[in-house]
Amino acid sequence: MVQDILQGIADNLLSQVPILIGLIALLGLLLQRKPVSDVIGGTFRAAIGVVILTIGIDVFVGGLASFQAIVSSAVGVEPPTATTTLDDFLAGPGAAAPLIIAGGFALHLVMVRVFRSARYVYLTGHLMLWMSIVVAAALVEAFGEVERWTLVGAGSVILACYFTLQPMWIAPLMRRVMGHDQFGLAHTTSSLALATGYGAKALRLGDPVKHDTEKLTLPRSIAFLKDMNVATALIVGVIMMIALAFADPETVRAVAGEDLAPFAWGLMQALRFAGGIAILLFGVRMFLAEIVPSFKGISDKLLPGSKPALDIPVIFPKGTTAVMVGFLASTATFLVLLAVFAGAGWFVLVPPMIMLFFGGGAGGVFGNAVAGWRGAVFGGVLNGVVLAFGQWIFWGVFSGTAPELATLADPDWYVVAGVLTSVGSVLEPLGAAGVWVVAGAVLAVSVVALVVLGRRAARADRTAAAVAERSDVAVP
């Protein structure tokens, strides 16, 4: 009975982002005692904004999937094979993932309520699912067959700690990107964003004002490239045409169908890609306009001081040119490494176009915020390197559970899985007890970090209050 309830919550609420965002907006508005018309309107606008965002993602992700097949054919690679698959894992131990989500999110809310420094509520539903699968797979790889409720319990603790800490460690850079801290970032590219931001700063790659991608001056003849929609359609179209020229005709026919000539199909994919991004950005603006003010009710009444942590597209309007710079740099880097890996006989890389876009776009925006266009290029290149070497390394790490997790991954997947399997390999002789030791250690580290950060914030508040008091006394 409990299992069915938790699975129902995970499947019908936490994994359905428009419903989740709509209910959060509803709760926040009710807690603020807004008029009925505002409550109904704000709730539906928030949910519809997420639906529009999702439609935009679906439009261009469909094009990216076709793009991936064509590019793979053009460079002559076949995906690596494995004896087990993600579907097999989800039919076995991975079936615990929805329960891990439900338990992890509940514990995450408790941590936000208890710890003053835990300010962000993780609201990216589809990544809740993927991270639960990554955590479950890593624990099974480290400890072998794990009893179901042990996997659910330990996995929930680990996932809750990730939900709580991830928006916090990216918060300083997020404030730099957005210019405010009205909401946080909840996305599994956070480790890449950290490496990009602090790496670009350490390397002194450029000035974020002088070299800002959004202020680049272009010759009049190519000034049209400042239009995000035009630049996206043109650049993706050119890449698609080049890939089609070298791809296997049978693959092209299988992907494109028989109704259109390959060049017309490729052009339509480029236009759909650009249109999808335009839809996505509209949806972002619409749901942010509702969720941020409505969340104030939750912040004031239920989770004091908390803020929503949201999906990666929320940063894209801050650097639309940087998104494309990062995506192109990421894709070019990955394709170069694909050729290097193939020539060296190391591994057959699969171009993960969706991750190259979102991770490259994130690297572009965070890099631009720190070092301008040079930082954006750096972030894109770094994403391409991480995804290439991550595939190579983690295909073997997930070989006994779901190797596709290596080719579908964002950088945080590699970080979390790498930590869990490394620690687990040491504790494997403990069996099921070792799973709880890992979960306990993760929880202990998280609690210590939250307590330390909370005390530091309290000292900062006392100092600010003392300064304000002295200022008031000094006023004649």
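**Reading the pockets**

Biologist: Which helix gives the most to the lining of the largest pocket?

Modeller: Helix 3 does, with seven residues. Helices are DSSP runs (H or I, at least four residues), numbered from the N terminus. This is a predicted model, where local features need pLDDT of at least 70 and side-chain atom pairs 80 or more, while totals for chains, interfaces and linings use all residues. Residues are numbered from 1 along each chain, and side-chain values use heavy atoms, without hydrogens and water.

Biologist: What volume does the largest pocket have, and which residues are the closest to its centre?

Modeller: A pocket is an open set of points on a 1 Å grid over the protein atoms alone, where a 1.4 Å probe fits, with protein on both sides within 12 Å along at least five of seven lines; lining residues have an atom within 4 Å of a point. Volume is the space filled by probe spheres on points joined across faces, edges and corners. Here it is about 890 Å³. Of 39 lining residues, H126, L127, W130, I354 and M355 are the closest to the centre.

Biologist: Which helices each supply at least two lining residues there?

Modeller: Helix 2 (17-31), helix 3 (36-74), helix 6 (125-143), helix 14 (353-397) and helix 15 (404-407).

Biologist: How does its lining divide by class?

Modeller: Into 27 nonpolar (Ala, Val, Leu, Ile, Met, Phe, Trp, Tyr, Cys, Pro), four charged (Asp, Glu, Lys, Arg) and eight polar (the others, Gly among them) residues.

Biologist: What about the second largest pocket?

Modeller: Its volume is about 410 Å³. Of 20 lining residues, I158, W169, V416, V419 and V442 are the closest to its centre. The lining has 17 nonpolar, two polar and one charged.
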